[in-house]
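Student: I am new to this structure. Please take one part and go through it closely.

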Protein chains: 2
Amino acid sequence: MKLATYKDGSRDGQLVVVSRDLSLAHYATGAAHSLQQALDDWNFIAPQLQDVSLELNRGRARHAFAFDPSMCMAPLPRAHQCVRAAAYASHRDTLAEAGLLPERVRHAPPAAKGVGPRVLADLCTLAGDAMQGATDPLPLPDEAWGLDFEASLAAITADIPAGSAPARALEGVRLLMLANTWCLREWQAHERAQGLSAVHSRPAQSFSPVAVTPDELGDAWVQGRVSLTLQTQWNGRRVGLCDAGADMTLHMGQLLAQAAATRALLAGTVVTTGPLSCPGVGEGSSRQWPQGFHSIVEKRAMEVLLQGQAATGYLRWGDTVRLDMKGRDGHSLMGALVQQVVEAAQA
Amino acid sequence: MKLATYKDGSRDGQLVVVSRDLSLAHYATGAAHSLQQALDDWNFIAPQLQDVSLELNRGRARHAFAFDPSMCMAPLPRAHQCVRAAAYASHRDTLAEAGLLPERVRHAPPAAKGVGPRVLADLCTLAGDAMQGATDPLPLPDEAWGLDFEASLAAITADIPAGSAPARALEGVRLLMLANTWCLREWQAHERAQGLSAVHSRPAQSFSPVAVTPDELGDAWVQGRVSLTLQTQWNGRRVGLCDAGADMTLHMGQLLAQAAATRALLAGTVVTTGPLSCPGVGEGSSRQWPQGFHSIVEKRAMEVLLQGQAATGYLRWGDTVRLDMKGRDGHSLMGALVQQVVEAAQA
């Protein structure tokens with residue numbers, strides 16, 4: 001089942017069911033007005049959405065209309081909990097090797113005594129009210145803020161009890177999306193220097209037009225990992241082509257279990273993976289990253305490692321960033337996330 | 001106007017209007033089902049709630065019933081953005097002097113080049129789906145986790161544009177509440193050692209039964225500060241009696257402006273002040289804190305400064321924590337927040 005949220009002037013938008021090939025849509029009005037409403041009572045509402053989905057895919061839905069990604073808000077426009085994880089270890093490893101991470105982050109000690117046996121994952125809670133639609137312009141007041149993209153996957157969850165094991169938590173994945181967790185690297189450096197949490201550095205998060213239930217991925221959904229290539233384009237140039245599954249260090253169930261270590265996650269929690277990343281191959285000056293990069297900061301780390309200094313600058317006004325993921329059939333699974341950075345007036 | 005949210009089995013509860021003396025309540029059904037709904041369209045809905053409030057306070061509301069704080073969820077049971085600030089500098093100063101803060105947090109550098117002229121406040125985004133009602137038991141799986149209370153104030157905001165100045169942001173305060181931003185100090189130490197954001201250490205936040213519009217405070221609401229005493233009791237003993245206004249380093253408008261530095265705050269954002277704190281008086285071994293403490297970690301810092309080591313342990317199963325604030329007329333303004341820590345099964 002594929003779901004999206006259409007702009008209708010309200011803050012939560014209007015839930016629509018989208019056909020498998022993303023050509024048609026149908027309002028879900030009879031079942032639920034908003035995605036949050038569907039998530040709040042999923043076992044009752046999801047079968048009704050599934051019925052609409054079946055009719056759509058058979059070409060029999062009476063009031064279907066052409067699906068338009070530019071009408072989409074984020075599938076879940078407001079989330080009560082939003083956690084950014086760091087599921088791809090090679091991202092951190094590459095940055096650390098290039099000296100782009102603070103010392104204490106580089107050498108995390110093992111789990112402290114008294115807080116259970118788990119080593120904590122790198123998680124951070126983000127505001128759930130800055131969720132952007134797939135084609136919304138991304139306002140940036142100042143190019144010196146160092147705007148970067150982070151091409152990621154995201155899950156929307158069911159209720160997950162506190163202390164759930166990874167296998168139990170994995171069952172709580174209701175929907176999957178592409179995500180771009182924008183980061184202001186200059187503000188981030190400042191927050192890290194002061195020992196502050198990520199607040200100012202995280203102005204917005206953007207999502208693919210469509211969220212899909214895991215069964216839509218077929219055999220590409222393997223034990224909490226998506227074995228498909230995420231294509232990242234920057235100003236029309238393909239810069240990242242990592243397989244989302246192969247180098248995912250912690251799978252989605254592990255990330256959710258970490259997030260639920262001391263408290264329950266309520267239905268509608270959004271967990272993002274952090275930027276995809278593939279380890280480099282080769283040694284020294286012949287080292288290569290054939291799958292490219294899914295965040296500019298990682299490209300800069302590669303440049304430091306190869307040439308001694310970073311050469312690539314962060315995003316400028318007018319730049320576009322495009323994320324897409326194709327299924328085994330060669331068609332886009334969740335629609336493309338295509339945004340342009342625009343100059344914003346600074347208050 | 002005073003508002004509360006009654007438990008009705010739903011996730012967002014049922015909005016009620018409460019009389020000024022907290023004796024009577026009336027469902028707000030005709031105007032809005034939930035507080036979020038009222039906040040989403042405040043200029044249209046607030047006058048209707050105000051009418052109910054007037055009738056209630058005149059004793060003329062037809063379907064009024066006795067107000068019962070034990071029926072209350074948090075006034076806003078799910079928030080799309082929730083930011084914990086640190087408005088009372090003496091809390092940080094006392095902890096720093098006692099060596100209970102990491103070095104980098106103690107000596108924050110001035111604002112970094114390229115991120116604007118502001119020195120950043122100490123902010124952290126928390127999950128908005130772990131909002132507890134004023135008399136809900138607080139489940140704790142393990143006493144060794146170091147559960148602490150943080151007796152605080154909180155604001156619920158209107159839409160506040162990105163980059164708003166403090167005076168503009170202050171106009172965005174819709175409602176005020178008491179808050180207890182629970183903290184697991186052992187998990188916090190672990191997160192800080194690894195350079196991680198506050199996720200596991202923040203299992204829940206609790207709020208007074210009633211949220212009030214600032215005009216309910218009369219002349220005790222002074223330029224973004226509440227000039228009234230917050231009473232904190234631990235197991236029936238008064239441990240904290242700080243004036244919420246006198247030692248508030250950054251006022252509510254400054255906190256909101258900080259939170260909105262790089263992005264808009266949407267209606268229904270909850271901002272908490274961090275624990276109230278008053279500076280000590282006197283020197284050396286005769287130093288005193290006559291207004292006591294509003295978080296155990298600060299009591300422990302006082303013990304370190306006076307005796308060389310902390311003696312007071314964190315919360316145990318069965319402990320109760322009670323916050324209350326009386327208006328100039330001697331009556332509770334927002335109702336008391338009274339919670340007991342209970343043993344919870346650990347998954």
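Student: Which side chain meets that of B:Glu97 in a salt bridge?

Tutor: The side chain of B:Arg287 does, at 2.8 Å from N to O. A salt bridge here is a side-chain nitrogen of Lys or Arg within 4 Å of a carboxyl oxygen of Asp or Glu. First, some ground rules. This is a predicted model: local features need pLDDT of at least 70, side-chain atom pairs count only at pLDDT 80 or more, and totals for chains, interfaces and linings use all residues. Residues are numbered from 1 along each chain as its sequence is written, chains are lettered from A and ligands numbered from 1 in the order written, and side-chain values use heavy atoms, without hydrogens and water.

Back to the pair. B:Glu97 sits in helix α3 of chain B. B:Arg287 lies in the loop between β19 (270–272) and α8 (296–307) of chain B. Helices (H or I, at least four residues) and strands (E, at least two) are DSSP runs, numbered from the N terminus. B:Glu97 is partly exposed, at 46% relative accessible area. Buried means under 20%, exposed over 50%, and partly exposed in between (1.4 Å probe, protein chains only).

The side chain of B:Arg92 meets that of B:Asp122 in a salt bridge, at 2.4 Å from N to O. B:Arg92 is partly exposed at 24%, and B:Asp122 is partly exposed at 22%.
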